[in-house]
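Here is a structure to get to know.

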Amino acid sequence: MTALSRSIVRFALLLAAIIGMTETAYAEDGYDLWLRYRTQATTSTHRVPTIEARGDTATFRAATEELRRGAALFGTSTPTILLATADDRAVAALHLPLATLGDEGYRVGRVTLGNRRVLLITANTDRGVLYGSFALLRHLQTGGSLDRIDLTSTPRVKLRVLNHWDNLDGVVERGYAGASLWDWWTLPDFHDPRYADYARANASIGINGTVLNNVNAKADSLTAPYIAKAAALADVFRPYGIKVYLSARFSAPIELGGLKTADPLDPQVAAWWKAKSDEIYRSIPDFGGFLVKANSEGQPGPRDYHRSHADGANMLAAAVRPHGGIVMWRAFVYAETDPEDRAKQAYTEFKPLDGQFAPNVIVQVKNGAIDFQPREPFHPLFGAMPKTPLMIEFQITKEYLGFATHLAYLGPLFAETLGSETMQRPGETVADVVDGSVEGHTLTGMAGVANIGRDRDWAGSTFNQANWYAFGRMAWDPTLGAAPVAREWAAMTFAPSPGIVDPVVAMMMGSREAVVDYMTPLGLAHVMATGHHYGPGPWIADLKRPEWNPVYYHRADKAGIGFDRTRTGSNAVAQYAPALARRLADPATTPERALLWFHHVPWDRRMASGRSLWAEMVHDYDSGVAYVADMSRKWDALKLDIDAERWAKTATYLAVQQREAQWWRDASLAYWMSVNGRALPAGTAPPAHDLAWYKAQRFPYAPGNPQ
Ligand code: BDP
């Protein structure tokens, strides 16, 4: 298309939008997320569906209102939509098999009531009805028809929780989408309308819990004024089925209660927490409970008093138990003084505690054993603590995957971890552990470190919204698959036409692998710059604690590269099930994508491709960079199909990503060459600068870095 005809098309579209002939919006800023409810129809005439709600709770009202918002999706053939719970007389008379839906599942389908055909959204609870309403809207947004519609679904995981690493001063640790959404200062008085929109977005993907404050918690969150503020948020979220949780600082009895100790076995400490919990429940009757980061990265915890993590968790669990609350106790621990391989420490600490946790404790384990890297093998605790409910923690915010500006769809990362076979029992996957099916645990959960902030588009970029979306959908059902979820999201976020969905999903599906390729190929990890983790820093070797230094993780020398986690090294492989441990103990049977995570191997090692390891690394860096260029090409081709504002921001971010992918590749190669003294394979472009230049880059104000 020539520039002139392109402008003509643009002008026509603009005109059409202005006179209301089409719903193609030009000023889309991403605020509406995937809840846009626009149609592709060229006419805006539609009838408003008749909605009959057989219930008058705030949740029923939220469902009704949402369906009204989406009225345009129903087009002209509008059925009567009936919202009713299973105990409604008319619904009960239908004898539908609703018992298996539990208290959050739903069923959407056409039924005949008396002599009326209606579209029935039913469930055992009003929350289920709300989820069903969102499912119906999603079905229409993704191009589904109302003929023979039959949507039935029950969540496989009970707690589907966002973790906000939001500080009370509005700074979000590892946040790249602006300040915290919670305006603690004007709470509890002012209810920013965004709070309700946040709740709608979460309910639409099945998220049913939110931890409001950072795991690096301040005791202040547990004071009366802040409890009142949290209660105000809980009031807004309640109709949407979302419970509020708080991160608890373990030393709060000292800081707030004036006690001399926070020893979990001290009766006064236990009594303080009990009284504090009672106080919280007086304001928030459905308070979810506490999330705790203890004895990790300087946080206080039971180990300070020579008590175990179980002692600490159980004491808190006893405080919330009378109210139905739970404790999510994090396993992300590595001690300041412990020389053991960092990847082994959580297992070493927690595995012996299996069976010692109270029934309302769930141990929250990061997807991998280090820290949210672009790729990590699944955490060895999954499958290793059968008597303990384990929830998985993913990071939705991309601390180590290019912040908000890099396009990296995390669906494949979530799916890869959840689909990993633990080999503890035949066929057992991480998802089977997480959904509790292996041991029959009913307390199950998935946590995602939120990527949400005050940015107009909530997540810092349109494509980051997909990671929030995918987290919720895959927490509801870990077996959904990354590609189907991406398709839904693309259809809802842009339009349900293959011309848009196909290229967008094609961009997304390889995007995380591209980040792995240009940052941490073949099992490398934690080679990012210090503190903010922005950009490459594989050369860093001067930080106080060994495991803070990238050189600790890659161990590159003249002969080879990689962390030996076999018997000749840290023997971390032995933390996996024996059959898997055997496989990972041998470089020949270790998947190449995890090679350098488990093995120190020579630069000359022959890879499956026939290339040497060194040539393979160079090849991976180059493919990562090339993938970004290809995403840009695909995005350019969509220019006329996507509203100008969202298109332009993404295009700009792709250009940033291109530059930074190149920087990662060049800096990494310059450094590896300084270590291995090798030349680049023939035909490979040399780094743009010398190593000293890369080493000299400083970014003191990179976002998200706690000061
Ligand atoms: C790391 C982050 C740090 C968090 C920590 C955690 O760099 O900011 O506090 O994880 O999960 O990824 O506690």
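Q: Which residues is Val 172 in contact with, leaving aside its neighbours within four places in sequence?
A: This is a predicted model. In it, Val 172 is in contact with Trp 165, Asp 166, Gly 178, Ala 179, Ser 180 and Gly 704. Contact here means heavy atoms within 4.5 Å.

Q: Why is Val 172 called buried?
A: Its relative accessible area is 7%. Buried means under 20%. Val 172 therefore counts as buried. Val 172 sits in the loop between β6 and α5.

Q: How far apart are Val 172 and Ile 452 in sequence and in space?
A: In sequence, 280 residues separate Val 172 from Ile 452. In space, the two are 9.0 Å apart, C-alpha to C-alpha.

Q: What else is found in the loop between β6 (159-163) and α5 (193-204)?
A: Pro 188 is placed there. The peptide bond from Leu 187 to Pro 188 is cis. Its omega is near 5 degrees.

Q: How much of the protein counts as buried, and how much area is exposed?
A: Of the 707 residues, 61% count as buried.

Q: What share of contacts between residues at least 6 apart in sequence joins residues at least 24 apart?
A: The share is 72%.

Q: How far apart are the mean positions of the positive and negative charges?
A: They are 2 Å apart. The protein has 72 positive and 74 negative charges.

Q: What makes helix α11 (residues 411-418) largely enclosed by the rest of the structure?
A: Seven of its eight residues are buried, so the helix is largely enclosed. The buried residues are Gly 411, Pro 412, Leu 413, Phe 414, Glu 416, Thr 417 and Leu 418.

Q: Is Thr 261 buried or exposed?
A: Thr 261 has 18% relative accessibility. The cut-off for buried is under 20%. Thr 261 therefore counts as buried. Thr 261 lies in the loop between α7 (252-255) and α8 (267-283).

Q: What does the side chain of Thr 261 reach?
A: The side chain reaches the backbone nitrogen of Asp 263 at 2.8 Å. A polar contact is a pair of N or O atoms within 3.5 Å. Leaving aside neighbours within four places in sequence, Thr 261 is in contact with Pro 253, Ile 254, Asp 266, Val 269 and Tyr 305.

Q: Why is Asn 571 called partly exposed?
A: Its relative accessible area is 25%. Phi of Asn 571 is near 60 degrees, a positive value in a residue other than glycine.

Q: Where is Leu 33, and what is its phi?
A: Leu 33 is in the loop between α1 (3-18) and β1 (50-53). Its phi is near 55 degrees, a positive value in a residue other than glycine. At 3% relative accessibility, Leu 33 counts as buried.

Terms used. Residues are numbered from 1 along each chain as its sequence is written. This is a predicted model: local features need pLDDT of at least 70, side-chain atom pairs count only at pLDDT 80 or more; totals for chains, interfaces and linings use all residues. Side-chain values use heavy atoms; hydrogens and water are left out. Buried means under 20% relative accessible area, exposed over 50%, partly exposed in between (1.4 Å probe, protein chains only). Lys and Arg count as positive and Asp and Glu as negative; His and the chain ends are not counted. The place of a charge is taken as NZ of Lys, CZ of Arg, CG of Asp or CD of Glu. Helices (H or I, at least four residues) and strands (E, at least two) are DSSP runs, numbered from the N terminus. A polar contact is a pair of N or O atoms within 3.5 Å; within protein, one must be able to donate a hydrogen and the other to accept it, and residues adjacent in sequence count only if both atoms are side-chain atoms.
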